[in-house]
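Please have the sequence and the 3D view open as you read.

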Amino acid sequence: MGGVSAVGTPERDPGLQPERTRLAWRRTTLSGTVAAVLAARTTLHGDPSALRIIACALCCVLWLGFLLVAHTRIRTLEASGRPPALTPRYAAAATLCTLALAVCASALVF
């Protein structure tokens with residue numbers, strides 16, 4: 001169980017929360033990978049126009065950006081017993097990459 005800190009307050013026991021968060025990042029990365037692969041498949045299937053190729057390339061770049069953010073966060077979660085909070089910069093980058101990837105992938109479908 002958790003001990004007591006120097007000021008007399010109980011130490012926080014994170015339990016399995018860091019592990020669940022790490023797994024959530026991995027699941028989200030896998031979902032982004034599937035979206036990027038499907039975008040590439042959609043682009044290469046049929047008549048690949050210049051617009052479709054640009055949208056596919058953008059999907060791949062966005063996926064790589066999200067992969068970088070997710071991998072950084074996963075390493076942070078694994079490195080320490082009590083990981084720091086996700087910074088607004090990384091949260092914004094992950095959100096923007098996810099939303100833009102969804103928009104690009106859906107544009108390829110329609």
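The report below covers the model itself, its salt bridges and a loop proline.

## About the model

This is a predicted model, in which local features need pLDDT of at least 70 and side-chain atom pairs count only at pLDDT 80 or more, while totals for chains, interfaces and linings use all residues. Residues are numbered from 1 along each chain as its sequence is written, and side-chain values use heavy atoms, with hydrogens and water left out.

## Salt bridges at a glance

Side chains of opposite charge can pair when their charged atoms come close. A salt bridge here is a side-chain nitrogen of Lys or Arg within 4 Å of a carboxyl oxygen of Asp or Glu. Searching the whole structure turns up 3 salt bridges. Glu19, Arg22, Arg26 and Glu78 are joined in a network of such bridges.

## Within helix α1

Let's start with Arg22 and Glu19, whose side chains form a salt bridge with an N to O distance of 2.6 Å. Both residues sit in helix α1, 3 residues apart, or about one turn of the helix. Helices are DSSP runs of H or I with at least four residues, numbered from the N terminus.

The two partners can also be described by their accessibility, where buried means under 20% relative accessible area, exposed means over 50%, and partly exposed lies in between (1.4 Å probe, protein chains only). Arg22 is buried at 15%, whereas Glu19 is partly exposed at 36%.

## From helix α1 to helix α2

Arg22 also forms a salt bridge with Glu78, and their closest N and O atoms are 3.6 Å apart. Because Arg22 lies in helix α1 and Glu78 in helix α2, this pair ties together parts that are 56 residues apart in sequence. Glu78 is partly exposed, with 48% relative accessibility.

Glu78 has a salt bridge with Arg26 as well, with 3.7 Å between the closest N and O atoms. This pair links distant parts of the chain, as Arg26 is in helix α1 and Glu78 in helix α2, 52 residues apart. Arg26 is partly exposed, at a relative accessible area of 42%.

## The loop proline

Finally, visit Pro48, found in the loop between α1 (17-44) and α2 (50-79). Pro48 is partly exposed, with 38% relative accessibility. Setting aside neighbours within four places in sequence, Pro48 is in contact (heavy atoms within 4.5 Å) with Thr43 and Ile53.

Technical notes
Helix = DSSP H or I, 4+ residues; strand = E, 2+ residues; numbered from the N terminus.
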